[in-house]
Amino acid sequence: MPRRTATNDASSPSPTEDQAATYDRLVPMLEAAHREMTELSKKKQDGIVNTLKIKMLNRLLGELSKIIENDPSHAFVDMLDEETLPQNSDAVLILSQWHAALKQYKARHYGQDAGTHEFRWLTVENPGERYR
C-alpha cells in the first residue's frame, strides 16, 4: 500500500505555481544546451567557450537559480565565469551539476497527489499530499 507523505520540507521550500511553470519551460532549454556543450567538448575538450554562449547560458542559469535558491543543492552550483572564459569541459561539468540539482529539486516537489492520483508539482498554492 502506498504511503502518504507531507510535502512540506523545511530544507527545501515548495515552489510557487509560477516557479514550477518556469522550471518546466527552462529545464528543456538547459538540457539542450548541456547536450550541445557535451558535443563541443567531445570535439575539443580544451576549446574556450565564447562570451556570447556564456551570456546565454548564464541568463538561463540565472532564472533557474531563482527557483532553487532556497534549496540545499543551490550551494553546489555555479554560474559560468565571463571573465576567465571556461573550457568546453568545464562548462559541461557546470551544466551537469545544474542538471543534477534541478533533478533533485523536482524529485522533492513533484509527485503523485494522494487525493487526485495525478502527477503534478506540489506547490505553495496547491500543496496536497503525495504517495512515496
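The questions and answers below concern confidence, ring pairs and a helix.

Q: What is the mean pLDDT of the protein?
A: This is a predicted model, in which local features need pLDDT of at least 70 and side-chain atom pairs count only at pLDDT 80 or more, while totals for chains, interfaces and linings use all residues. Residues are numbered from 1 along each chain as its sequence is written, and side-chain values use heavy atoms, without hydrogens or water. With pLDDT being the predictor's confidence in each residue, from 0 to 100, 92% of the residues reach 70 or more, and the mean is 91.

Q: How are the planes of Tyr-105 and Trp-121 arranged: stacked, edge-to-face or tilted?
A: Rings of Phe, Tyr and Trp (its six-membered ring) pair if their centres lie within 6.5 Å, with planes under 30 degrees apart counted as stacked, over 60 as edge-to-face and the rest as tilted. By this rule there are four aromatic pairs. For Tyr-105 and Trp-121, the centres are 6.3 Å apart and the planes 45 degrees apart, so by the cut-offs the pair is tilted.

Q: What distance separates the end C-alpha atoms of H3?
A: Helices (H or I, at least four residues) are DSSP runs, numbered from the N terminus, and the expected span is 1.5 Å times one less than the number of residues. The 22 residues of H3 should therefore span 32 Å, and this agrees with the distance between its end C-alpha atoms, 32 Å.

Key
Helices (H or I, at least four residues) and strands (E, at least two) are DSSP runs, numbered from the N terminus.
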